[in-house]
Amino acid sequence: MKFISILLFLFFYSFTDVHAKPPYDGTIWYFPDVINTNDPTTFKELIYTGKDYREMFDRRKGGRWLNKEAFLFNAVYEERIIEIQVNPEFKNVDNAFKEAFYYSETIGRLPNFLLTNVKTVWIHKGKKSYGGGNENLLIHTGRSKEYISKEILEEVFIHEAGHTSLDWDFGGLLNKTEWEEAKKKDKEHISDYAKKFPRSEDVAESILTWIAVRYRLDRISKENNEIVLNTIPNRLKFFDEQNFDMYPLVPRD
């Protein structure tokens, strides 16, 4: 009997231990193709406005603020204009235009609610991670090759724009108290990254999976759908209740 009791204890312990761990290390790697290059964009045109000094954050050399005479462009969307600031290291207007145009078109595929607080975009060279916040999206083009090859470029922008437009620390759309209540009911995080940095990463890690299970069931596996639904049901319900503007991801009536 004692032996059987030990076995039962070990079985119970291993079962609870497995389910006490977030299902993903980081959500962007598991939900490619939520948005892709065939999806519509609200981007209309890119207008070069000249060169002028702008303060931009650069992750290279440990991260630093730079005051550079950047190439400036107005990215015109259906409902907003975003200034694209391109590091002068791209040498000339033609090179800067190509970079600004490519990313402007991609950003326009995000649903409108994620662009609510986006006023500027910084584009640098360097193989560093993208970033969000500060009414901005930060791009390091050396990292883009990896994101594009894994078909997660748009998903990375969803994550970073989640910081910019949703996080309360950046004046975002979400109510912190209501979010914390939903999180408490769920009892688990969707990823290791969200669990390690619950204040800064939980929203951005969760918003991609919400879009996936609510609007892209045909592009994700049944297994991933069930994992998300079972892990963060109250966070999903919280997002449901925000009545986000999902255009152009969802056509307007």
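1. Buried here means under 20% relative accessible area, exposed means over 50%, and partly exposed lies in between, with a 1.4 Å probe and protein chains only. The model is predicted, so that local features need pLDDT of at least 70 and side-chain atom pairs count only at pLDDT 80 or more, while totals for chains, interfaces and linings use all residues. Residues are numbered from 1 along each chain as its sequence is written, and side-chain values use heavy atoms, with hydrogens and water left out.

2. In helix 8 (residues 222-231), the buried residues are Asn224, Asn225, Val228 and Thr231. Seen down the axis of helix 8, these buried residues fall within an arc of 150 degrees, so they line one face of the helix; the arc is that of the directions from the helix axis to the C-beta atoms. Helices (H or I, at least four residues) and strands (E, at least two) are DSSP runs, numbered from the N terminus.

3. What does the buried side of helix 8 pack against, and what does the opposite face carry? The buried residues of helix 8 pack against helix 5 (176-186), helix 7 (198-215) and helix 9 (233-240), contact being heavy atoms within 4.5 Å. The face of helix 8 turned away from this side carries Lys222, Glu223 and Asn230, which are exposed.

4. A salt bridge is taken as a side-chain nitrogen of Lys or Arg within 4 Å of a carboxyl oxygen of Asp or Glu, and by this rule the count comes to 19 salt bridges. One of them joins the side chains of aspartate 39 and arginine 216 (3.8 Å, N to O). Aspartate 39 lies in the loop between helix 1 (2-19) and strand 1, and arginine 216 in the loop between helix 7 and helix 8, so the pair ties together parts that are 177 residues apart in sequence. Both aspartate 39 and arginine 216 are buried.

5. Arginine 199 and aspartate 169 also meet through their side chains in a salt bridge (3.0 Å, N to O). Because arginine 199 lies in helix 7 and aspartate 169 in the loop between helix 4 (153-166) and helix 5, the pair ties together parts that are 30 residues apart in sequence. Arginine 199 is exposed, with a relative accessible area of 54%, whereas aspartate 169, at 43%, counts as partly exposed.

6. Within helix 5, glutamate 180 and lysine 183 are three residues apart and therefore separated by about one helical turn. These two residues form a salt bridge, the closest N and O atoms being 3.6 Å apart. Glutamate 180 counts as partly exposed at 29% relative accessibility, while lysine 183 is buried, with a relative accessible area of 12%. Salt bridges that share partners join Glu180, Lys183, Asp186, Asp202 and Arg235 into one network.

7. Strand 1 (residues 43-58) and strand 2 (residues 64-77) run antiparallel and are joined by 14 bridges, where pairing requires that DSSP find at least two bridges between two strands. Glycine 50 has leucine 72 in strand 2 as its bridge partner. The two strands form a hairpin with five residues between them, and lysine 61 in the turn has a positive phi of about 55 degrees.

8. Tyrosine 102 is placed in helix 2 and counts as partly exposed, at 35% relative accessibility. Leaving aside residues up to four places away in sequence, tyrosine 102 touches Ile148 and Leu153.
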